[in-house]
Amino acid sequence: MSSLDLGLIGNCSVAALIDKQARIVWYCLPRFDGDPIFCSLLNNGRDDLGIYEVELLGMTRSEQYYRRNSAVLVTRLFDDNGGAIEITDFAPRFKRYGRIFRPMAIMRHVRPLTGTPRICIKVRPSYDYGSHRAEVTRGSNHIRYVMPRFVARLTTDAPVSYVLDEVPFLLETPISLALGPDESLTSSPLQTCHEFLDNTDAYWREWCRYLSLPFEWQEAVIRAAITLKLSNYEESGAIVAALTTSIPEAPNSGRNWDYRYCWLRDSYFVVQALNRLGATQTMEGYLNYVSNIAAAAEDGYLQPLFGITQEKKVVEVEVPSLAGYRGMGPVRVGNGAYVQVQNDGYGSVILSIAQMFFDHRVTRMGDVSLYRRLERIGQQAAARWDQPDAGPWELRTRKAVHTYSAMISWAGCDRLARIAGHLGLPEREMYWHNLAEGIRKAILEKAWNPSLGSFTSTLGGDEVDANLLLMPQLGLISPQDQRFLDTLNVIEKRLRFGKHMFRYIAPDDFGRPETSFTVCTFWLIDALHMVGRVEEARELFENMLACRNSLGLLSEDIDVETGELWGNFPQTYSMVGLIQSAMRLSKPWTDAF
């Protein structure tokens, strides 16, 4: 049965998910949002197409871990006869010829550990979302898998006939398998694998050395940071919401969405996390991606999400060829939310790009020209803050004036005023300050429900949602303001279930939510810290660390009863929440000495 106890390897061009038996269960080509040539995560046990495994015959147990401060994954398999093998998986990434080498390739090094292990290598790429098996041809030391949009070559020093015919054989010496573009290797598979492995491992260790880390929970933060980096499509700078599609938010819920795209609302939080980590190159690449989107918005209009190279159309369709995670379809490709009205994107873009005006580490700081482009987006925020939209939760059948959209619109106008002051534009500073102040007063008045004693998720409404926890983070209200304290109390009574937070509980297009939304629990942790309930916040944070899978990764949702992970994986938002909360809660470095 499929599970989200998976490891992630990647190199910012491609990414693969690997289960506890070292089976590659998800791998898309030629990039994150491409066709999954290995798709067993969503094929509900069907094994004739879309699989890649090194099977140890008679396997009884496995161990799995990441190399320290690295994206290199190691799996050890043990059989019932005293034999054991070790499989090391990675996607090459290192500096070469003055730039980062990150081919569309994944590599596996397999070696015997004890006994006389017998293995069977099964490589069955498919295309068109598991509809067809790739055409296979062989060479002297390689196998070609021909698909309409990509030709993959597996180069190996294992017996090619054994791989082709899936013949079991004794593993007496180490072997390597390099799966990538239809290109020849310049040295033997074993030599290439060793060289690429050493260089890739060294790259990640060096990358981690420059991270700004809290005193506590460093291993958790490093793993979250590497995961965030692996979700970065470096060619464009984009960072996807997750690397999968259609993992349901709850069993048989129908809440199956494709998350392999970039949501503008995520931009502010992602930039914040990267800034705190000191991952400036990744942050700058992501800011360039968002800036390009802003520059293309001639009238300031922004759709909610984009493809990883700024594609505007990501048409949503259902794929009948895959049964879905544990058979819980439908499997969707594309995301129809791109045509929705979501008014929080404008402020989110301004909040993220504001970093470029104040951060001297970036190569090209923001100037008046960029500011003028942001003003066009700000005008949209100012015009839309009190207009109905689908909201941050992307409701598909109804609209309302969502408080979060209004809050983010206010924040965008407020930051435009601050940027104008920084650039020495007093008239524009005053213009945006006055606009922001008017929006702020209106939000605090219209979003407050005196009968409930709380701010509400919609202006004039009577329900709450977890986004209200962000009010003090955005600077809209002091965390010590009694209205926020009362709101926090109501949110905990309605949305908190033990040590987890739901995003809302009111029924939506698919009924009442059944699982907690992972990042919302981190928002609760941050809010508790801000109001002075520090020990409680730390306890909840430790619990969230315990909810990660065995390799330290998180998905979108958690079952509050069983602790099982649900939703697309690994979820960028969740890893960002972990990073932010760890930075807030950690004891200072001075406590170490």
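In these legends Ala, Val, Leu, Ile, Met, Phe, Trp, Tyr, Cys and Pro count as nonpolar, Asp, Glu, Lys and Arg as charged, and the others, Gly among them, as polar. The model is predicted: local features need pLDDT of at least 70, side-chain atom pairs count only at pLDDT 80 or more, and totals for chains, interfaces and linings use all residues. Residues are numbered from 1 along each chain as its sequence is written, and side-chain values use heavy atoms, with hydrogens and water left out.

View 1. On a 1 Å grid over the protein atoms alone, a cavity is a set of points where a 1.4 Å probe fits but cannot get out; a pocket is an open set with protein on both sides within 12 Å along at least five of seven lines; lining residues have an atom within 4 Å of a point. Grid points are joined across faces, edges and corners, and a volume is the space filled by probe spheres set on the points. This rule gives five cavities of 30 Å³ or more. The lining of the largest cavity consists of 13 nonpolar, three polar and ten charged residues.

**View 2. The second largest cavity.** The volume here is about 80 Å³. Among the residues that line the second largest cavity are Phe269, Arg276, Trp523, Asp526 and Tyr573. Two or more lining residues come from each of helix 4 (267-277), helix 13 (518-530) and helix 15 (572-585). Helices (H or I, at least four residues) and strands (E, at least two) are DSSP runs, numbered from the N terminus. Helix 15 gives the most to this lining, five residues. By class, the lining of the second largest cavity has five nonpolar, four polar and three charged residues.

**View 3. Helix 4 and the residue after it.** Of the eleven residues of helix 4, eight are buried, where buried means under 20% relative accessible area, exposed over 50%, and partly exposed in between (1.4 Å probe, protein chains only). The buried residues of helix 4 include Tyr268, Phe269, Val271 and Leu274. Gly278 follows helix 4 and has a positive phi, near 75°.

**View 4. The largest nonpolar core.** A nonpolar core is a set of buried Ala, Val, Leu, Ile, Met, Phe, Trp, Tyr and Cys residues joined through side-chain atoms within 4.5 Å. The largest core has 199 residues, and Tyr27, Ile121 and Leu179 touch the most other members. Helix 9 (residues 403-423) gives the most to this core, with eleven residues. Leaving out residues up to four places away in sequence, Ile121 touches Glu53, Val54, Ala158, Val163, Glu166, Phe169, Ile175 and Leu177; contact means heavy atoms within 4.5 Å. A second, separate core has ten residues, including Ala242, Trp263, Val314 and Ala337.

**View 5. The largest pocket.** The largest pocket has a volume of about 650 Å³. Of its 25 lining residues, Arg93, Lys95, Tyr203, Trp207 and Gln281 are the closest to its centre. Strand 9 (94-96), helix 2 (189-209) and helix 5 (280-296) are the elements that give two or more residues to the lining of the largest pocket. The lining of the largest pocket divides into eight nonpolar, ten polar and seven charged residues.

**View 6. The second largest pocket.** About 510 Å³ of space lies in this pocket. Its lining has 24 residues, and Ser2, Asp19, Arg23, Val25 and Ser40 lie nearest its centre. Strand 3 (24-29), strand 5 (51-56) and strand 12 (118-124) each give two or more residues to the lining of the second largest pocket. The largest share, three residues, comes from strand 5.

View 7. Two bridges join strand 30 to strand 31 (residues 557-558). Ile558 in strand 31 is the bridge partner of Ser516.

**View 8. Ala294 in helix 5.** Ala294 is buried, with a relative accessible area of 1%. Not counting residues up to four places away in sequence, Ala294 touches Val349, Ile353 and Ile377.

Methods: Two strands pair if DSSP finds at least two bridges between them.
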